[in-house]
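Student: Please take me through this model one question at a time. I would like each answer to end on what I asked for.

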Amino acid sequence: MKVLAIIPAYNEEANIVSTVEDLKRNAPGIDYVVVDDGSRDATRDLCLEHGYPLIPLPVNLGLAGGFQAGMKFALSHGYDFAVQFDADGQHSAAYIWPMVEHAGSSGSDIVVGSRFCAQKKPLSARMVGSELITAIMRLTTGTKIEDPTSGMRLFNKKMIAQFANNYDYSPEPDTLALVIRGGGVVTEISVEMRDRVAGESYLSFTKSVAYMLRVGVSILFLQWFRKRGK
């Protein structure tokens, strides 16, 4: 069973070493690759210094572009599963093998590491937006995903090919909805996530609101016109 952790990283010099070392320590047998998304800090230099497998992108492509580069790597190297693993240290590598086991036992195409399977979402503007996306996805697909904005997701071999070869596929909730509508099986398992230790999230309050609105509109309207992957 070949499993690859894809670690998109943009200006994560303060977190990348601890993130990769956590992965190596708590997910033995998991391969990994850091996708340096045109960082302007020392992220790339630190990866080279520590000998981490690296895909250096010459310019910043954003999360979707960086993630697709990792999926193309996974496809070309014959991986059975690929997991999206954030470089900011918020994801715990200890959950990767349980996600793989769940995918195998449930027949899932995508497994979402969910913060809210076992607990309610905290009251905040961002979580209200997440709840709205959950409701819209359930309305349009019939499937309830408690944590649609989770960045920790596991993809099987079929999904690796679809995300690698379809430019319109991104690691976002609207693509999860598209996969479900196309007959894909998306499930969740409970995980715990840590707070970011250093650096700043690119999602400010204003960007978070804009993101939730964009994703909601995409799921409600635009996905009906999107081409499904093969």
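Student: Is phenylalanine 163 buried or exposed, and what is its relative accessible area?
Tutor: Phenylalanine 163 counts as buried, a term that means under 20% relative accessible area, with exposed over 50% and partly exposed in between (1.4 Å probe, protein chains only). The model is predicted, so local features need pLDDT of at least 70 and side-chain atom pairs count only at pLDDT 80 or more, while totals for chains, interfaces and linings use all residues. Residues are numbered from 1 along each chain as its sequence is written, and side-chain values use heavy atoms, leaving out hydrogens and water. For phenylalanine 163, the relative accessible area is 2%.

Student: What kind of aromatic pair do phenylalanine 163 and tyrosine 169 form?
Tutor: Rings of Phe, Tyr and Trp (its six-membered ring) pair if their centres lie within 6.5 Å, and planes under 30 degrees apart count as stacked, over 60 as edge-to-face and the rest as tilted. Tyrosine 169 counts as buried at 3% relative accessibility. With 5.2 Å centre to centre and 80 degrees between the planes, phenylalanine 163 and tyrosine 169 are edge-to-face.

Student: How many residues apart are phenylalanine 67 and phenylalanine 163?
Tutor: Five aromatic pairs are found in a search of the whole structure. In one of them, the ring centres of phenylalanine 67 and phenylalanine 163 lie 6.1 Å apart with their planes at 85 degrees, so this pair is edge-to-face. Helices (H or I, at least four residues) and strands (E, at least two) are DSSP runs numbered from the N terminus. Phenylalanine 67 belongs to helix H3 (residues 62-76) and phenylalanine 163 to helix H6 (residues 157-165), so to speak distant parts of the chain, and their separation in residues is 96.

Student: Which residue of E6 is the bridge partner of valine 111?
Tutor: All five residues of strand E5 (residues 110-114) are buried, so the strand is largely enclosed by the rest of the structure. Ile110, Val112 and Ser114 point one way from E5, with Val111 and Gly113 pointing the other way. Two strands pair if DSSP finds at least two bridges between them, and E5 pairs with strand E6 (residues 153-156) in the antiparallel sense over three bridges. In E6, the bridge partner of valine 111 is leucine 154.

Student: Within what arc do the buried residues of H1 fall?
Tutor: Helix H1 (residues 16-26) has Ile16, Thr19, Val20, Asp22 and Leu23 as its buried residues. Seen down the axis of H1, these residues line one face of the helix, with the arc taken from the directions from the helix axis to the C-beta atoms. That arc is 155 degrees.
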